[in-house]
Amino acid sequence: MGTTMRTGLNVWKGETVVPSMASHSTKSLNVQTTQNSKSHCLVPSSLNNSNSFSSHNSSLFSSLAHKRRSGSTKFVDTLVSQESGLSSRRSSINPNLIGKAVAYNETDSRSAEGFATIEEALIEIAAGRFVVVLDDEDRENEGDLIIPADRMTPEAMGFMIRYTSGLVCVAMEPERLEALQLPLMVPNQQNEDRMLTAYTISCDHINTSTGISALDRCTTVRALADPTSTPADFTRPGHIFPLKYREGGVLKRGGHTEAAVDLARMSGSAPVGVICEIVNEDGSCSRTPELLAFARRHGLAAITIADLIKYRSKSERLVERTAVARLPTEFGTFSVYSYLSKLDGIEHVALVMGDLAAAGPAGVLTRVHSECLTGDIFGSARCDCGPQLQESMRAIAAEGSGVVVYLRGHEGRGIGLTHKLRAYNLQDQGRDTVQANQDLGLPVDSREYGVGAQILQDLGVRSMRLMTNNPAKYQGLSGYGLEIVERIPLMTPINPDNRQYLETKRTKMGHFFTQEETAPSVNGQKPVDGRASKNARSELSS
């Protein structure tokens, strides 16, 4: 078969194919590959035999496609065990992160929309192939090429450079960045990036020339993944941009940085991932339709971070129930559950009344409440947190069944008590709640809801009627496989001290104060608003 070579690409009969990533030394980068006619990709010479992963690629994915159509449930290692003689690389996929305790039904992913399952993506990554990873359309709304750093080759780097923005980043765990003496580019409190992407200072490997070629950048990337590398192996600044991974991964922050490290680790590679944003030919950012077309054109698996979140939340247990007791309150008697987060050691609480299972498909009346010391405990009139908590408990008591999940560590929408008090001072000088956070160099809202979702799952909640005005909470919980059948607004009194705060939440943060303001439908139907007051809405807007 004739082969035509282009920079970073291999083309067989006009079809562009991303090469499989050969294992090779960081120091020498002497890549020896041969063409494998069965897989139409470049494979390491050492794997070019009838028992290699590549030679089984087509039959494996035919099997996967059949299983998806039939809706069967399989663990990754079960699927792979059906293919004899897979490479040792594939068999190293971490069993503690995949298929543990909970089977992942392939129909849970959005394969019908052109997306692959997480299992399929992990198999591709373990074989040394790129995956296309999309985040939420309400977040960055972008897609990145992602591959483990220890699977990178010059050919793959050439492909990445050609079809992306070219700003190649390497997601790494904090401990490894510290060991390599790669500090943050700016301190956290000075990070003005909209998504708080944690860039470190850039670097090149000492064995590179200019540092910008595909070969040079591949050298640097693989060195960053090499556990024997030392700080002296890198020059600073350079042409590769490491990123600091947030502990807990996509369950704490739903970004490409976290997805890259999670996918690398779950596939058996070193926990270092290479990412770069895919762009169109005119240089504009590719969106979902273009990204899916790109994946199809190059034979790549495409997944979403939302699906990865679902997969990890189903496969890993991140909270531990520590105690339960009876709690009589002015609203009635609840059972109070305490939970310990394995991500950060923070304790959380759930208040449960009645039989949650009896709610059935109608959904459990649910409130996921962020800790607010000033509002919940001291009755601050600056916000509506305390009244929302009380109204939630009152509504649950009136219904006789429901749950309040109380998430600690969310003070001031995640900025902490001290920063919240400093923001109060700025608000007294005329700044609104969004501007005050920004003036302090802090995010407007950095809360994550993965722990809350797992607490609800532990309590047996699968569908809910969610009491919230916050679209971020609505979207955050739905990303964890929890069905929200209705959104119930929480209308609380407006006073001179919280009027601007509530108006800012409505106009700048998209909070809904009636169901009529809810943009997305739920399960294809507009939720019915049985609580919101048009008079209250008019008063807030006045």
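Biologist: What makes you call helix α5, residues 154–163, mostly covered?

Modeller: This is a predicted model, and in it 7 of the 10 residues of α5 are buried. A residue is called buried when its relative accessible area is under 20%, and in α5 that applies to P154, A156, M157, G158, F159, M160 and Y163.

Biologist: Why are helices α4 and α10 called roughly perpendicular?

Modeller: Helix α4, residues 118–126, packs with helix α10, residues 305–315, at an angle of about 100°, and their axes are 10 Å apart. Angles from 65 to 115 degrees count as roughly perpendicular, and therefore α4 is described as roughly perpendicular to α10.

Biologist: Which residues make the contact between α4 and α10?

Modeller: From α4 come I118, E119 and L122, while α10 contributes D307, L308 and Y311. Sorted by class, this contact holds 4 nonpolar residues and 2 charged ones, with no polar residues.

Biologist: How do you know whether R413 is buried or exposed?

Modeller: The cut-off for buried is under 20% relative accessible area, and R413 has 10% relative accessibility, so R413 counts as buried. R413 sits in the loop between β17, residues 402–407, and α13, and its phi is near 60°, a positive value in a residue other than glycine.

Biologist: What about Q181, is that residue buried or exposed?

Modeller: Exposed means over 50%, and because the relative accessible area of Q181 is 52%, Q181 is exposed. Q181 also has a positive phi, about 55°, although Q181 is not a glycine, and its place is in the loop between α6, residues 174–179, and β9, residues 203–205.

Biologist: How many cavities are found in the whole structure, and what is the volume of the largest cavity?

Modeller: A search of the whole structure finds 2 cavities of 30 Å³ or more, and the largest cavity has a volume of about 390 Å³. It is lined by 28 residues, of which C385, R413, R447, Y501 and K505 are the closest to its centre.

Biologist: Which elements give two or more residues to the lining of the largest cavity?

Modeller: These elements are β16 (364–370), α12 (385–399), α13 (417–428), α14 (433–439) and α17 (499–508). The largest share of the lining, 4 residues, comes from α13. By class, the lining of the largest cavity divides into 7 nonpolar, 12 polar and 9 charged residues.

Biologist: Finally, where is there a cis peptide bond, and what is its omega?

Modeller: The cis peptide bond joins R236 and P237, and omega is about 0°. P237 lies in strand β10, which runs over residues 234–244.

How values were computed
Residues numbered from 1 in each chain as written. Predicted model: local features only at pLDDT ≥ 70, side-chain atom pairs only at ≥ 80, totals over all residues. Heavy atoms only, no water. Axes fitted to C-alpha atoms, helices over the stretch in contact; angles between N-to-C directions. Parallel < 35°, antiparallel > 145°, perpendicular 65-115°, else oblique. Contact = heavy atoms within 4.5 Å. Nonpolar A, V, L, I, M, F, W, Y, C, P; charged D, E, K, R; others polar. 1 Å grid on protein atoms, 1.4 Å probe; cavity = no way out; pocket = protein on both sides within 12 Å on 5 of 7 lines; lining within 4 Å. Points joined across faces, edges and corners; volume = space filled by probe spheres on them. Buried < 20%, exposed > 50% of the residue type's maximum accessible area, 1.4 Å probe, protein only.
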